[in-house]
Protein chains: 2
Amino acid sequence: MKRPTIADIARRAGVSKGAVSYALNGQPGVSAETRARIQAIAQEIGWRPNLAARSLSGARVDAIGLVLCRPARFLGVEPFFMELISGIEGELAASSCALMLQVVPDHEAEIAIYRRWWGEGRVDGAILVDLHADDPRVPVVERLGMPAVVTGHPSGAGSLPAVWSDEVAVLREVIEYLAALGHRHIARVAGLPALLHTRIRDEAFSEICAELGVSEHPVAHTDYTGEQGARATRRLLSSRSRPSAIVYDNDIMAVAGLSVAQEMRLDVPAELSIVGWDDSPLSQVVRPALTAVTRDIPASGAHAARTLLQLIGSGEPGSLEGPPARLLPRGSTAPARP
Amino acid sequence: MKRPTIADIARRAGVSKGAVSYALNGQPGVSAETRARIQAIAQEIGWRPNLAARSLSGARVDAIGLVLCRPARFLGVEPFFMELISGIEGELAASSCALMLQVVPDHEAEIAIYRRWWGEGRVDGAILVDLHADDPRVPVVERLGMPAVVTGHPSGAGSLPAVWSDEVAVLREVIEYLAALGHRHIARVAGLPALLHTRIRDEAFSEICAELGVSEHPVAHTDYTGEQGARATRRLLSSRSRPSAIVYDNDIMAVAGLSVAQEMRLDVPAELSIVGWDDSPLSQVVRPALTAVTRDIPASGAHAARTLLQLIGSGEPGSLEGPPARLLPRGSTAPARP
DNA sequence: CTTGATTACTGAACCGCTTCATGGAAGCCT
DNA sequence: AGGCTTCCATGAAGCGGTTCAGTAATCAAG
């Protein structure tokens with residue numbers, strides 16, 4: 001009734017434990033027949049490698065870590081993370097690697113987790129998300145020597161490989177599109193200002209707007225919740241000169257913004273154009289359906305996972321260019337009124 | 001530069017490895033002073049238990065498993081899972097226990113994961129979600145002898161402890177409320193028919209409606225996506241006698257239903273009352289804000305985790321009664337038109 | 001036929017921790 | 001004083017793998 005071990009296999013096959021280990025790990029040192037015989041026995045008695053034993057002798061633990069660092073109540077709403085996770089999973093499953101997940105309130109806790117995971121030998125590496133400006137996690141992880149990939153702009157990733165897609169290019173696409181529709185006052189409801197990608201978008205936004213003759217381009221920062229998205233929208237729409245288009249940093253805020261517009265009896269898209277970001281199914285469920293920046297989040301999760309596995313395996317990160325995002329026009333954008 | 005081990009501590013403290021082990025695990029066998037001295041040294045040199053070594057000698061691995069079995073694209077939209085996870089995490093963090101997460105396409109794969117996890121000694125137990133009618137996972141997990149708790153109705157959990165809250169009671173609350181508002185034709189847009197809780201709600205719904213004189217009470221089954229929610233709503237609202245109220249099995253479908261009503265120029269709540277389920281922030285972002293069944297999902301996740309930890313620790317599951325759900329009326333429900 | 005390389009396999013050490021059998025010292029009782 | 005626990009602490013075995021040094025056998029080359 002006890003779990004079979006390689007010693008059991010060795011006994012039945014009449015060979016040594018070492019030979020069994022070689023046979024089952026595809027390493028040279030045993031003949032093809034012996035290998036086949038051993039594999040057959042392993043199969044027959046339902047042997048599985050004991051993870052602990054294996055990792056104790058210095059091998060991989062076949063698990064990677066992901067720490068999400070946002071207050072719990074914000075996490076649920078953002079379809080982003082769940083999609084990212086399912087993408088990561090898809091890739092990991094192929095290598096029968098497991099995912100350790102932890103949700104923490106702040107970076108300090110997150111760093112403690114990395115220390116612990118790596119110290120205890122619980123993971124082979126980790127994926128870092130939500131890169132901040134001057135992110136404290138990066139130097140710690142570098143020092144730990146734990147393999148890690150960062151999802152976000154390479155500028156903040158230090159020596160860690162970063163998988164990313166060119167957000168500035170999409171943002172340009174969005175603004176060019178809106179500018180071409182005649183919008184000259186475009187607002188942006190952005191996410192957490194501490195996040196690196198928020199800063200990058202902020203900067204690009206103002207540059208591109210200036211360049212394209214979009215004279216007014218206010219930015220409001222939020223915590224990504226619908227509530228704050230609604231509040232920011234209300235403020236923007238109540239100001240003396242109100243924007244004719246608003247670009248949101250996620251979908252939930254875009255939906256909230258849409259509701260505020262309706263509440264204020266503004267017609268979308270006739271009087272206000274709305275662009276969402278991330279394009280979760282949410283965008284298509286509301287009326288009008290939201291024009292949005294769409295990016296394949298599961299694919300980018302898969303890409304990050306693949307890169308990490310390569311890094312763990314060979315020490316080389318491989319390709320870092322992620323799947324590109326693009327603008328998907330739907331019903332919430334229209335020409336600006338003269 | 002190598003990680004310190006108990007042998008290092010033993011050397012510095014001038015005692016044996018065994019003594020160190022006893023000291024650090026709070027077990028009798030060492031004097032108070034020695035214990036303190038050993039702990040101080042451990043602290044000083046930054047010792048952490050090697051997980052693999054510990055679990056190899058039969059101790060706990062301090063990790064529990066959670067397998068989500070829904071197609072990836074449905075997972076993201078449902079804030080439910082992310083909230084559940086963050087609730088579980090909150091509880092686990094206190095016991096510095098980790099969470100292994102896996103997303104699989106079907107029950108067969110899920111069962112394979114449990115076999116693997118338990119076989120490899122990767123987890124101490126698991127939480128089973130999305131109980132199906134005649135769920136094949138239950139007997140497998142029972143046979144494996146892996147500690148597990150089920151979130152869902154005890155009727156389907158076999159000998160496994162089930163943490164649950166009384167859904168029938170809330171459903172009754174909803175229908176009584178709608179009936180009191182004069183609704184006599186209430187539709188229900190339900191989730192996956194294979195899920196046990198869908199069946200339970202289905203049955204309760206028809207019974208309670210009959211009992212309360214709600215003469216018509218059609219049910220449409222969906223896959224929980226906004227798309228199918230919209231389609232079901234469209235069909236219901238296009239039928240000869242259309243319902244004056246619709247109860248949805250999740251929020252995203254309720255929002256989709258709201259959009260369909262708007263699209264069909266039906267006023268919500270004047271002409272159609274809408275009730276959502278789960279009450280994610282989504283419900284409050286749309287106009288009108290959705291009346292919804294609200295339940296503290298993180299709390300129920302925490303409860304499940306707590307129960308599992310107790311089960312692992314003592315073999316006894318402890319309390320099984322979860323936090324109750326209740327109806328939270330907002331703007332999407334109103335008296336039926338005469 | 002010797003030499004050297006290669007192949008197939010063994011035996012033992014080792015990874016870091018837990019735990020059990022053992023033993024010495026101290027304290028209590030009669 | 002001798003015999004009894006009780007308390008602290010030790011040493012070694014063992015968990016289930018990996019891996020390295022070593023060995024015997026086979027084979028090609030010189």
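This is a predicted model: local features need pLDDT of at least 70, side-chain atom pairs count only at pLDDT 80 or more; totals for chains, interfaces and linings use all residues.
Strand E2 (residues 98-103) of chain A and E2(B) pair in the antiparallel sense, over 3 bridges, and Leu101(A) stands opposite Leu99(B) in E2(B). In general terms, strands of a sheet pair through backbone hydrogen bonds, and they may do so either parallel or antiparallel.

The elements that give two or more residues to the surface near DNA strand C are H2 of chain A together with H2 and H4 of chain B, and it is H2(B) that gives the most, with 4 residues. By class, the residues of this surface near DNA strand C divide into 10 nonpolar, 13 polar and 3 charged.

Around DNA strand D there are 27 residues, and those that come nearest are Gly18(A), Ser21(A), Ala53(A), Val15(B) and Gly18(B). Two or more residues are given to the surface near DNA strand D by helix H2 (17-24) and helix H4 (51-56) of chain A, together with helix H2 (17-24) of chain B. Here the largest share, 4 residues, comes from H2(A), and the surface near DNA strand D has 10 nonpolar, 13 polar and 4 charged residues.

We can now turn to the inside of chain A, where an open sheet of 6 strands has the order E7-E6-E8-E9-E10-E11, with mixed pairing. At its edges are strand E7 (219-221) and strand E11 (326-328) of chain A, each of which pairs on one side only. Neighbouring strands of this sheet are turned by 20° against each other on average, direction ignored. One of the pairings joins strand E10 (residues 291-294) of chain A and E11(A), which pair in the antiparallel sense over 3 bridges; in this region Val293(A) stands opposite Leu327(A) in E11(A).

Helices lie across this sheet. Helix H9 (residues 167-180) of chain A lies across strand E6 (186-190), strand E8 (245-248), strand E9 (273-278), E10 and E11 of chain A, and runs at about 40° to E11(A). Helix H11 (residues 226-238) of chain A lies across E6, E7 and E8 of chain A, and runs at about 155° to E6(A).

H11(A) also meets another helix. Two packed helices are described by the angle between their axes and the distance between the axes. The axes of H11(A) and helix H12 (residues 251-263) of chain A come within 8 Å and cross at roughly 45°, and these two helices are therefore oblique to each other. The crossing of H11(A) and H12(A) is right-handed. Among the residues of H11(A) in this contact are Gly226(A), Ala230(A) and Leu237(A), while those of H12(A) include Ile252(A), Val255(A) and Val260(A). The residues of the contact divide into 8 nonpolar, 5 polar and 1 charged.

Finally, chain B has an open sheet of 6 strands in the order E7-E6-E8-E9-E10-E11, with mixed pairing. Strand E7 (219-221) and strand E11 (326-328) of chain B stand at the edges with a single partner strand each, so one side of each is left without a neighbour in the sheet. In chain B, 3 bridges join strand E10 (residues 291-294) to E11(B), and these strands run antiparallel, with Val293(B) opposite Leu327(B) in E11(B). Helix H10 (residues 196-211) of chain B packs on the sheet, where it touches strand E6 (186-190) and E7 of chain B, and its direction makes about 175° with that of E6(B). H11(B) packs on the sheet too, touching E6, E7 and strand E8 (245-248) of chain B, with a direction at about 155° to that of E6(B).

Terms used: Residues are numbered from 1 along each chain as its sequence is written. Chains are lettered from A and ligands numbered from 1 in the order in which they are written. Two strands pair if DSSP finds at least two bridges between them. A residue is near a molecule or strand if its C-beta atom, placed from the backbone, lies within 6 Å of it. Ala, Val, Leu, Ile, Met, Phe, Trp, Tyr, Cys and Pro count as nonpolar, Asp, Glu, Lys and Arg as charged, and the others, Gly among them, as polar. Axes are lines fitted to C-alpha atoms, for helices over the stretch in contact, and angles run from 0 to 180 degrees between N-to-C directions. Two residues are in contact if their C-beta atoms, placed from the backbone, lie within 7 Å. Angles under 35 degrees count as roughly parallel, over 145 as roughly antiparallel, 65 to 115 as roughly perpendicular and the rest as oblique. A crossing is left-handed if the near helix is turned anticlockwise from the far one by less than a right angle, and right-handed if clockwise.
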